Amino acid sequence: MKVLIFGATGAAGGSVLRTCLDAPVVREVRAVTRRPLPRMHPKLHGIVHDNFLEYGGIAGAFAGIDLCLFCLGVSATQVSEEDYRRITHDMTLAAAEALHAASPDALFEYITGRGTDAEGRFMWARVKGSTEQELIRRFGAVCLRPAAIGGEPSASAPWYYNLIRPMLGMLSPFRSLYVSGSDLGRGMLQIGIERIRGRVIENPEIREFAGRAAW
């Protein structure tokens, strides 16, 4: 399986990247990032790119892909509403469009979050919810809604995430409240293996997919 990852320098994406590199079912990992990745691996091909709204210059990165894991995102507390919409909706749809053009049979998986709701009270929930709906309608995408993620340390994460990250594991017994970074990655790969399409997957089911991974 050839995997394309966005957001590999983030807390969730870093864990997903590590899981993909360790997984025998993955032959190649391409990671699109703004800056070179600090790690080296025989499977890993880094692609440095600075415009996440336009991919014409790196169209080849999307060719021959089986699974695109879109882990790129930002907290609504870190940016303006306009920038949040641009990052959360516009950048995500641009990547999905580029993938569909180059690898129409590939699955696009998008990490949103617990509480996402297109009709919700909060701006971030509505933006993510409308993004989910468009991805599912246009591309048959799978949208994952993890709760607390025990991910990698990340300089781009909100300050409070790095503060509480060491304590998140205490939520592990509660299947609706927590998923480890490795289980998030395993769940995403297993979803691709089972060829799931066009639906939302909440935290407990992410953990179920991870538990079914037999590799």
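Helix α1 is mostly covered, with 10 of its 12 residues buried. The model is predicted. There are 8 aromatic pairs in the structure. Two arginines also sit over rings: Arg186 over Trp215, and Arg212 over Phe209.

**Helix α1**

- Helix α1 covers residues 11–22.
- From first C-alpha to last, α1 reaches 17 Å, close to the 16 Å expected at 1.5 Å a residue.
- The buried residues of α1 include the run Ala11, Ala12, Gly13, Gly14, Ser15, Val16 and Leu17.
- Thr19, Cys20 and Leu21 of α1 are buried too.

**Aromatic pairs**

- Among the 8 aromatic pairs is Phe6 with Phe70, at 5.1 Å centre to centre.
- The planes of Phe6 and Phe70 are 35 degrees apart, and the pair is tilted.
- This pair links distant parts of the chain: Phe6 lies in strand β1 (residues 2–6) and Phe70 in strand β4 (residues 67–70), 64 residues apart.
- Both Phe6 and Phe70 are buried.
- Tyr55 and Phe62 pair edge-to-face, because their planes stand at 70 degrees with ring centres 5.3 Å apart; the cut-off for edge-to-face is over 60 degrees.
- Tyr55 and Phe62 are both buried.

**Aromatic cluster**

- One aromatic cluster is formed by Phe6, Phe52, Tyr55, Phe62, Phe70, Phe108 and Tyr110.

**Charges over rings**

- Arg186 lies over the face of Trp215, 4.6 Å from the ring centre.
- The charged end of Arg212 is over the ring of Phe209, at 4.5 Å from its centre.

Methods: Residues are numbered from 1 along each chain as its sequence is written. This is a predicted model: local features need pLDDT of at least 70, side-chain atom pairs count only at pLDDT 80 or more; totals for chains, interfaces and linings use all residues. Side-chain values use heavy atoms; hydrogens and water are left out. Helices (H or I, at least four residues) and strands (E, at least two) are DSSP runs, numbered from the N terminus. The expected span of a helix is 1.5 Å times one less than its number of residues. Buried means under 20% relative accessible area, exposed over 50%, partly exposed in between (1.4 Å probe, protein chains only). Rings of Phe, Tyr and Trp (its six-membered ring) pair if their centres lie within 6.5 Å; planes under 30 degrees apart count as stacked, over 60 as edge-to-face and the rest as tilted. A charge sits over a ring if NZ of Lys or CZ of Arg is within 6 Å of the ring centre and within 35 degrees of the ring normal.
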